[in-house]
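Colleague: I am new to this one. Could you show it to me and then walk me through it?

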Amino acid sequence: MDACPCGSGAPYAACCEPLHDGVRDAATAEELMRSRYSAFAKGLPDYLFRTWHPRTRPDDVRVEPAMTWRGLQISDVVAGGAGDKYGEVEFVATYTVAGRTDTLHERSTFERRAGRWFYLDAG
């Protein structure tokens, strides 16, 4: 089985794939963040659109096919659990584009609406 791109160590089929396929929703802000990273890695813009907060998402969400996502490291999580309305996840994602490796360092904010977590913005 293929390992999940999110770095959890679990197989993709048991980790982010059920979220991508709409079988279940992310239980925490961190799980949503990991699944969104995996969606970038797998080229799933529809999932990224569906999990982006309606108040802040763009009209069209695209993934860059020339980017190869190499790894994800979570450095901090603030709230975002089962009983929370908001959460923050700080991470570093490594990617390669045009033969050059770089990183994206971001502190993402998330909001739960109607029981579902949504990506709000990058702080």
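**Around Phe110**

Modeller: Let's begin with Phe110, which, apart from neighbours within four places in sequence, is in contact with Ala29, Leu32, Met33, Arg36, Lys85, Tyr86, Gly87, Val89, Trp117, Phe118, Tyr119 and Leu120; contact means heavy atoms within 4.5 Å. This is a predicted model, where local features need pLDDT of at least 70 and side-chain atom pairs 80 or more, while totals for chains, interfaces and linings use all residues. Residues are numbered from 1 along each chain as its sequence is written, and side-chain values use heavy atoms, without hydrogens and water.

Colleague: What makes a set of residues a nonpolar core?

Modeller: The set must be buried Ala, Val, Leu, Ile, Met, Phe, Trp, Tyr and Cys residues joined through side-chain atoms within 4.5 Å, buried being under 20% relative accessible area with a 1.4 Å probe, protein chains only. The largest such core here has 20 residues, and Phe110 is among those with the most contacts inside it, as are Leu32 and Met33. Helix 2 (29–42) gives the largest share, 5 residues. A second, separate core of 5 residues includes Cys4, Cys6, Cys15 and Cys16.

Colleague: How many helices and strands are there?

Modeller: There are 3 helices and 4 strands, counted as DSSP runs numbered from the N terminus: H or I of at least four residues for helices, E of at least two for strands.

Colleague: Why does the radius of gyration agree with a compact globule?

Modeller: The rule, 2.2 Å times the number of residues to the power 0.38, works over C-alpha atoms. For 123 residues a compact globule would come near 14 Å, and the chain has 14 Å, so the two agree.

Technical notes:
Buried < 20%, exposed > 50% of the residue type's maximum accessible area, 1.4 Å probe, protein only.
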